[in-house]
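Biologist: Before we discuss any labels, please put the model on the screen, and then tell me which rule stands behind each word you use.

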Amino acid sequence: MAWLVLYLFIFLFGLIIGSFLNCVIYRLEKEEKLTGRSYCPHCKKTLNWKYLIPIFSFLFLWGRCGFCKKKISIQYPLVEILTALIFVIIFNIFLASNLIYLVFLFYITSALIVILVYDLKYYLIPDTVLFPAIFIVFFYRLFENIFIFQSTSGILHFVNYIGAGLIASGFFLLIFLISKGNWMGFGDVKLAILLGLILGLPNILVGLFLAFFFGAIIGIILMLFNKKGLKSEIPFAPFLILGTFTALFWGQEIINWYTHFLIY
Ligand SMILES: [Zn+2]
């Protein structure tokens, strides 16, 4: 029972962070400050607490603004639920590790969700979110290993993450240069550094493979429904980020399953 309360607490915490991320995405595009009260993007009326409860406000208002009755984007509840679900998965998988690692993963999740939604909406990866994230993950990997840095294993562990970032980024840089930026944006080249630093080797390979796999499935579905032609642009960062989350949570299982599959 106590566990259930704890999980519920993490879920609610994720909803609130998700609500904040929606605000970050909106204000990043409008180049507004993060401070200041929330308001309706249509009628600009300031929203009081009744209209700011994640999910519930959306449901009670039937997805419309309480003042002008204009539709609220489905992005708002979706981002809140996605953030909450990933927080719960992180809590469930990494419960045994230390609190700093949990906070680190919550931060990484938040940054990646902002990048995912932003790229999906505006076909752009915001450097103001990406660069601090690369900086923080780099120093986390450095300090994580600093106590065992006297040993070879500590150095190797750190080099592993740096190597993963360089390999992933180099791979996308190659695609970027060969296609003259047509198949892949330069934002993806920069994003790959972050994803490599998060996953390390060999997990980054799982993440990249999954990204292309997800991308192919969605691409085929969109073509079947004639939504997008072969030449139309589909942002790739969302797939990279979904691949990264999957590899972060179940990468080892996927590798085990795959090697088992190869042997038998
Ligand atoms: Zn309104």
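Modeller: Helices are DSSP runs of H or I with at least four residues, strands are runs of E with at least two, and both are numbered from the N terminus. Met 223 has its place in helix H8, residues 203-224. This is a predicted model, in which local features need pLDDT of at least 70, side-chain atom pairs count only at pLDDT 80 or more, and totals for chains, interfaces and linings use all residues. Residues are numbered from 1 along each chain as its sequence is written, and side-chain values use heavy atoms, with hydrogens and water left out.

Biologist: Why is Met 223 called partly exposed?

Modeller: Its relative accessible area is 38%, and the term covers what lies between buried (under 20%) and exposed (over 50%), with a 1.4 Å probe and protein chains only; Met 223 is therefore partly exposed.

Biologist: What makes the pair of Phe 87 and Phe 106 stacked?

Modeller: Rings of Phe, Tyr and Trp (its six-membered ring) pair if their centres lie within 6.5 Å, and planes under 30 degrees apart count as stacked, over 60 as edge-to-face and the rest as tilted. By this rule the count comes to 26 aromatic pairs. For Phe 87 and Phe 106 the centres are 4.2 Å apart and the planes at 25°, so this pair is stacked. Because Phe 87 lies in helix H3 (residues 75-93) and Phe 106 in helix H4 (residues 99-122), the pair ties together parts that are 19 residues apart in sequence. Both Phe 87 and Phe 106 are buried.
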